[in-house]
Amino acid sequence: MSIAVLYFLPTTSTDTSPLADLVNRLTSRYNPSILPRWSLRQRLFRSTPGPSPNDESVIAAPARYLQILSLADHSNDSHIGITPVVAAPAINGTTTADPVPTVISIPAGPSTDEFSQLLVSRLGPLWQQRQVLAVIDGLAFEIGDFRVRAGELRQGIGGAQLVRGVVVEVSYTGQGGGEQDRSQTEEMITIFWDELGVKGAKGFRGGKKAEEEDGFENVRLWCRVLMLKG
């Protein structure tokens with residue numbers, strides 16, 4: 001499986017699109033092969049808050065998040081990501097940051113639609129929909145052993161959509177990209193990205209815990225990044 005690093009480029013008030021600038025840098029520096037367009041769609045749900053504790057010294061546990069993620073390169077499956085139960089922070093405010101979501105796959109199509117309807121119609125008291133994010137007709141390029149996918153991340157449904165920024169997935173598909181040298185591969189991707197000279201991007205790397213090496217590493221990375229945008 002390829003190893004990827006994700007980048008997020010926020011929109012600015014300038015006339016230059018972050019996506020247009022990225023494509024210009026890629027095409028002027030390299031001669032990339034054009035790959036089929038790609039897309040993603042995410043629905044994010046947040047757990048509803050429980051009753052307030054009577055004891056003011058007791059701090060409520062952090063909210064949990066559930067998301068339904070569809071990726072074009074996983075066309076047969078959708079993925080459900082849910083953050084684990086996290087204990088309430090201590091009195092000094094210390095708690096675990098960025099909990100690792102558990103990910104499972106379900107068949108794409110009717111099964112995903114039925115699960116979405118179940119959350120809204122039957123489990124509404126437990127889960128509230130927070131946002132819908134999507135990339136439509138994203139661009140994809142191949143440069144040697146590197147694959148770059150980029151697209152505008154839009155929030156909303158139908159005509160009322162807000163462009164949140166540009167998401168970029170840079171993956172390494174060459175030999176030696178196994179889990180045993182994930183850090184080295186991610187560093188290669190970082191060097192490739194830095195050479196493009198793109199300013200203002202925030203990078204996100206995957207986890208390196210053994211329990212995360214279950215085939216969903218890149219999906220889990222997408223879940224963590226998109227959840228932050230919520």
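I take a residue as buried under 20% relative accessible area, as exposed over 50% and as partly exposed in between, with a 1.4 Å probe and protein chains only. By that rule I note Glu-186 as buried, at 0% relative accessibility.

The model is predicted, so I kept to its conditions: local features need pLDDT of at least 70, side-chain atom pairs count only at pLDDT 80 or more, and totals for chains, interfaces and linings use all residues. Residues are numbered from 1 along each chain as its sequence is written, and side-chain values use heavy atoms, with hydrogens and water left out.

Entry on the fold. I looked up the secondary structure as DSSP runs numbered from the N terminus, helices being H or I of at least four residues and strands E of at least two, and I found 4 helices and 10 strands. Their order along the sequence is β-α-β-β-β-β-β-α-β-β-β-α-β-α. Of the 230 residues in the protein, 40% are buried.

Entry on the salt bridges. I counted a side-chain nitrogen of Lys or Arg within 4 Å of a carboxyl oxygen of Asp or Glu, and the count came to 7 salt bridges. One of them joins Glu-169 and Arg-149, at 2.7 Å from N to O; Glu-169 lies in strand S9 (residues 162-172) and Arg-149 in strand S8, so this pair ties together parts that are 20 residues apart in sequence. Both ends are recorded as buried, Glu-169 at 5% relative accessibility and Arg-149 at 11%.

I then returned to Glu-186, whose side chain meets that of Arg-205 in a salt bridge of 3.9 Å, N to O. Arg-205 lies in the loop between strand S10 (202-204) and helix H4 (217-228), and Glu-186 in helix H3, so the pair ties together parts 19 residues apart in sequence. Arg-205 is partly exposed, with a relative accessible area of 33%.

Entry on the aromatic rings. I paired rings of Phe, Tyr and Trp (its six-membered ring) with centres within 6.5 Å, calling planes under 30 degrees apart stacked, over 60 edge-to-face and the rest tilted; this gave 5 aromatic pairs. Tyr-30 and Phe-192 are stacked, at 5.6 Å centre to centre and 25° between the planes. Tyr-30 is partly exposed at 21% relative accessible area, whereas Phe-192 is buried at 5%. Phe-146 and Phe-192 are also stacked, at 4.5 Å and 10°, and this pair links strand S8 (residues 146-155) to helix H3 across 46 residues.
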